[in-house]
Amino acid sequence: MSLPRCALRWAWLPARVGPALRPGRGPGPRAVGRAAAGAWSSSSSSSSGGSKAPNTSLYVPLPVKPLGPSAAGDVGAELTRPLNKAEVRKVLDKFYKRKEIQKLGTDYGLDARLFHQAFISFRNYILQSQSLDVDIHITLNDICFGAAHVDDLFPFFMRHAKQMFPMLACKDDLRKISDLRLPPNWYPEARSIRRKIVFHAGPTNSGKTYHAIQRYLAAKSGVYCGPLKLLAHEIFEKSNNAGVVCDLVTGEERVVTDPDGKPAAHVACTVEMCSVTSPYDVAVIDEIQMIKDPARGWAWTRALLGLCAEEIHLCGEAAAIDIVTELMYTTGEEVEVRNYKRLTPITVLDHALESLDNLRPGDCIVCFSKNDIYSVSRQIEIRGLESAVIYGSLPPGTKLAQAKKFNDPDDPCKILVATDAIGMGLNLSIKRIIFNSLIKPSINEKGEKEMEPISTSQALQISGRAGRFSSKFKEGEVTTMYPEDLKLLKEILNKPVEPIEAAGLHPTADQIEMFAYHLPDTTLANLVDIFVDFSQVDGQYFVCNMDDFKFSADLIQHIPLSLRVRYVFCTAPINKKLPYVCSSLLQFARQYSRNEPLTFAWLRRYTRWPLQPPKNIKDLVELEAIHDVLDLYLWLSYRFVDMFPDASLVRDLQKELDDIIQKGVHNITRLIRMSESQRMLNLDSSPAGKQGQLPGAAKPSLGEAVEAAMVESLASKSLASKLVRQGRLTPHMLKQLRKEWLKQQTEEGRARAENSSHSDRMRRKKNDPNAH
């Protein structure tokens, strides 16, 4: 039988009475026989259309188990004869090697990898099943007797392949669900009004946000959308202090100002939490350039396209003007651009700092890692100076306390050591920004970690914190710690900021739910992968990186949860680098699945409350992780009120923890000293450290043994211990002393040996005058 007749044979197969088969069997070719001829042409044309080829490596095969004995008996064997397994194996191998069959499989979405996987499973299914469907049994029997062609197996093979890879049967539906080409149409309420778009463009400290906020405060109703909780809090307090009643909405907090619980006309919120159904007179979207952010850009796109406000004021870099104008063109709305210039001058110095001895009051050293923060803070303290410390994982209250300490003219702390967390959200009185390094780890759109110099946008954002209009320093300065970085910094700052080319998008819970309807046995992480692969976007958009979402999805995959609940848990913001936070998400999900409310008492036991002030850096990091866990509880409490019922008590607990962390950070250099002294005094010299050596580990060399003995000797001396505890001796200094001591001992030993040898020669010469 020729290949075209294979399709006709599929169409000729009589329909069953109802689509149901025995358990484990999907609808066979006969169940859809009469429609198969039409499906043949439509499937082929759709797969070869303009859509991009799917990434089939994302297709995770579902197991199709061989069938056991049927209650009705083996009807196929009764009508024909029992199949000879050896003959069937030859038929199947011949089927697999047919080039025409492989080509036909490609037309139906089976590339070489999927075709091979499907065939192996199909062959095992045929050979290991104790009874087969009548139609496939008869077809195999006919092929063995030469009454049918091997190509006639293709319909049964495709049926099996679609059971293994269900996305093959609904590719067109999946493409429609994941079609992201018209995001403006997702917000009918916003499209029903004529919005005025005003773009306030300018660098930091140019007054652009100030003018937008003044319009917000003057309106009858308004919403402020900021990138950080700190910024939302700032506008919340500024509004209420100005007599404009304002509520606060963040992922972890809801504050209603009215004592009766009536919502205020003004709301300050984080951008992810803004409502796209509530009407406002004025909306402010801050830091609009973050619409390009690989992970969070979707939130700015959603706010820009979806907010129902008569006026929308955008604040940010001029680099976002073009993309905003293009997006608003698709909605039929015009953009009014107002350009601002920096209010105070800023100068890039011609010399690097080179040494911490050259620090001045008002200096801020910017680092891109916690280890650098600790090291620089410690070196500053050795020089008799006091510094404030700000980095991303600190609680908001601690950041504000450190900023207040640095800004206070009566406080002896005049130096700030910080990460790029100071780039937005904090008002700081900085005279000079000093980049300790220009290399920052980042995550690209593919979720890959990169170590590259900071971008022009990042450099301008951080540098702009120097010489703020509202601070006592009216002129700002920027430089680097090391001379070799200064040239690169000038090159980065002199580069024009590249225009933003695309805005971020993110699949909604509804879209994922529709995907799951078609692929019910697929894991959530795999659903997201397939959704992103099938998605179609216009050139003005991109699908945001969802690695954090998939990480959480894999983490809780084994816990029985409904899809909607699982989706919410996976969108919870966690730091996946902190094992304690990740295990807490897992524990919260497990408690939820058991329908056991997570009470205040349970949470206190889980976090081992009460907590002690940190004694070293390790303790401080653990307290920061517990603070993140309390944040996670509060975030979930606003999504699952019944299961996380004690939000107010947990918030009070979190404030107590914030105070404990503040005290630790206030004495951070002491914590660093304690960590260093414990490392120096306990690790090498402790019996546990010696007993804990791994079996089979290489023995130390003689030099290493001498060096270790010297370290232990130094560390055990009372003077060394005292110097380490007081911070007058650092590990680096001790290491240098160690090297110099060993070098000195070696040179002295060599000199003694040479002197001894010379003395021996002179003695022999004196005793034996004839000796040469």
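**Pockets, helices and sheets**

Reader: What makes up the lining of the second largest pocket, by class?

Author: By class, this lining has 19 nonpolar, 20 polar and nine charged residues, where Ala, Val, Leu, Ile, Met, Phe, Trp, Tyr, Cys and Pro count as nonpolar, Asp, Glu, Lys and Arg as charged, and the others, Gly among them, as polar. The model is predicted, with pLDDT of at least 70 needed for local features and 80 or more for side-chain atom pairs, while totals for chains, interfaces and linings use all residues. Residues are numbered from 1 along each chain as its sequence is written, and side-chain values use heavy atoms, leaving out hydrogens and water.

Reader: Which residues lie nearest the centre of the second largest pocket, and which element gives the largest share of its lining?

Author: Of the 48 lining residues, Thr204, Asn205, Ser206, Lys208 and Arg468 lie nearest the centre. Two or more residues each come from α11 (208–218), α12 (229–241), β9 and α17, and α11 gives the largest share, with six residues. The names follow DSSP runs numbered from the N terminus (helices are H or I, at least four residues, and strands are E, at least two).

Reader: What makes one space a pocket and another a cavity?

Author: On a 1 Å grid over the protein atoms alone, a cavity is where a 1.4 Å probe fits but cannot get out, whereas a pocket is an open set with protein on both sides within 12 Å along at least five of seven lines; lining residues have an atom within 4 Å of a point. The largest cavity is lined by Pro361, Gly362, Phe406, Asn407, Asp408, Pro409, Cys413, Lys414, Ser429, Lys472 and Phe473, and this lining divides into five nonpolar, three polar and three charged residues.

Reader: Why is α6 called roughly perpendicular to α8?

Author: Helix α6 (residues 112–128) and helix α8 (residues 154–164) pack at about 110°, with axes 9 Å apart; since that term covers 65 to 115 degrees, α6 is roughly perpendicular to α8. Angles run from 0 to 180 degrees between N-to-C directions, along lines fitted to C-alpha atoms.

Reader: Which residues of α6 and α8 meet?

Author: Phe115, Gln117, Ala118, Phe119, Ser121, Phe122 and Tyr125 of α6 meet Phe156, Phe157, His160, Ala161 and Met164 of α8, contact being heavy atoms within 4.5 Å. Nine of the contact residues are nonpolar, three are polar and none is charged.

Reader: Why do β9 and β11 stand at the edges?

Author: The open sheet of six strands has the order β9-β16-β13-β10-β12-β11, with parallel pairing, and two strands pair if DSSP finds at least two bridges between them. Both β9 (346–348) and β11 (387–390) have a single partner strand, so one side of each is left without a neighbour in the sheet. The twist averages 20° from one strand to the next.

Reader: How do you know that β11 and β12 join?

Author: Four bridges link β11 to β12 (residues 415–418) in parallel, with serine 387 opposite isoleucine 415 in β12. Helix α17 (residues 456–463) packs on this sheet, touching β9, β10 (363–366), β13 (432–435) and β16 (476–480).

Reader: What makes β4 and β8 edge strands?

Author: The open sheet of eight strands runs β4-β3-β5-β2-β6-β7-β1-β8 with mixed pairing, and β4 (254–255) and β8 (335–339) each pair on one side only. Elsewhere in the text of this sheet, β2 (residues 222–226) and β5 (residues 266–270) pair in the parallel sense over five bridges, and valine 223 stands opposite valine 267 in β5.

Key: Parallel < 35°, antiparallel > 145°, perpendicular 65-115°, else oblique.
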